[in-house]
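The following note sets out some points for a colleague who is examining this model. Please read each point with the structure in view.

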Amino acid sequence: MSPGTTTANVPAAGVPADCVPAAGVPTNRAATDGVPADGTGPAPLGKTGLIDNASLADELGAALVQLSTLMRRNILPRQIGLTQASTLLILRDSGPQRVTSLADAALVAQPTMSAVIIGMERLGWVRRDGHRTDRRGVVVCLTEEGENVVRELEAARSRALLADIETLPTKDLAALVAALPALREIIAQEQQSKAVTW
């Protein structure tokens with residue numbers, strides 16, 4: 001390949017994805033200034049020079065969506081719908097919520113959420129209680145049976161991920177561990193910017 005030639009951002013077999021340059025970056029470009037392209041000289045401090053933040057956001061977003069879709073498909077039993085599972089997790093993580101707040105958080109219309117709540121009430125997973133400050137208000141709460149359902153879903157998720165994790169080489173496991181703090185920080189920032197109160 002001649003100097004300056006670019007390739008698509010697709011890893012070859014056996015090449016870690018983090019070693020693949022972003023689209024438009026020459027494949028023979030060193031990761032840091034002053035490092036020869038032939039690999040001689042001091043090793044680069046990191047690979048962040050191979051991908052810009054916008055490309056990283058694209059790649060990370062696509063990977064998370066694909067993983068989330070696959071996990072939902074693999075762990076949700078037929079009798080539990082995605083909106084039901086999402087609502088149970090919201091109630092477990094955020095506490096009692098108004099139906100309107102649950103609809104916003106689950107990204108569904110209020111009539112849809114009302115129907116979901118009615119169905120889960122019949123199953124004994126949730127109940128309606130009076131609002132703590134508004135006597136006319138009603139909030140949806142998670143029951144003990146609902147908490148059991150959440151625990152079963154999380155256990156199924158952990159089993160599915162564990163089966164995948166155990167196939168990874170040591171270097172990829174280390175990369176996952178190193179990425180956890182950054183992922184938790186992103187989650188915290190998103191939660192703070194979209195906090196739901198009742």
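This is a predicted model: local features need pLDDT of at least 70, side-chain atom pairs count only at pLDDT 80 or more; totals for chains, interfaces and linings use all residues.

1. Leu183 has its place in helix α6; helices are DSSP runs of H or I of at least four residues, strands are runs of E of at least two, and both are numbered from the N terminus. Because its relative accessibility is 30%, Leu183 counts as partly exposed. In this note, buried means under 20% relative accessible area, exposed means over 50%, and partly exposed lies in between (1.4 Å probe, protein chains only).

2. Residues are numbered from 1 along each chain as its sequence is written, and side-chain values use heavy atoms, with hydrogens and water left out.

3. Overall, the chain is built from six helices and two strands. Read from the N terminus, the order of the elements is α-α-α-α-β-β-α-α. Of the 198 residues in the chain, 21% are buried. The accessible surface of the chain is about 13500 Å², of which carbon and sulfur atoms supply 56%; the areas come from the Shrake-Rupley method with a 1.4 Å probe, and for residues only the protein chains shown count as cover. Among contacts with a separation of 6 or more, 47% join residues 24 or more positions apart; a contact means heavy atoms within 4.5 Å.

4. Which residues form the nonpolar patch on the surface? The patch consists of Leu56, Leu60, Leu64, Leu180, Leu183 and Ile186, and its accessible area is about 460 Å² together. Two or more of its residues come from each of α1 (53–75) and α6 (170–193). Patches are made of residues with over 30% relative accessible area and no salt bridge; like charges are joined within 9 Å, and nonpolar side chains (Val, Leu, Ile, Met, Phe, Trp, Tyr) within 5 Å.

5. Glu145 belongs to helix α5, residues 144–165. Glu145 counts as partly exposed because its relative accessibility is 39%.

6. Is Thr87 buried or exposed? Thr87, in helix α2 (residues 82–94), counts as buried because its relative accessibility is 0%. Apart from residues up to four places away in sequence, Thr87 touches Leu102, Met113, Val116, Ile117 and Met120.

7. Met113 is placed in helix α4, residues 110–123. With 0% relative accessibility, Met113 therefore counts as buried. Beyond its neighbours within four places in sequence, Met113 is in contact with Thr83, Thr87, Val99, Leu102, Ala103, Ala106 and Val108. Thr100 is 13 residues from Met113 in sequence, and their C-alpha atoms are 8.0 Å apart.

8. Helix α3 (residues 99–106) has Val99, Ser101, Leu102, Ala103 and Ala106 as its buried residues. Their cover includes α2, α4, β1 (126–130) and β2 (138–142).

9. The structure contains six salt bridges, a salt bridge being a side-chain nitrogen of Lys or Arg within 4 Å of a carboxyl oxygen of Asp or Glu. Side chains of opposite charge can pair when their charged atoms come close. One of the bridges joins Asp93 to Arg92 at 2.5 Å, N to O. Asp93 counts as exposed because its relative accessibility is 55%, whereas Arg92, at 34%, counts as partly exposed. Salt bridges link Arg92, Asp93, Glu154 and Arg157 in a network.

10. Two further pairs deserve mention. Asp129 and Arg127 meet through their side chains in a salt bridge of 3.1 Å, N to O. Asp129 is partly exposed because its relative accessible area is 27%, and Arg127 is partly exposed at 39%. Lys171 forms a salt bridge with Asp172, with 3.2 Å between the closest N and O atoms. Asp172 counts as partly exposed because its relative accessibility is 28%.
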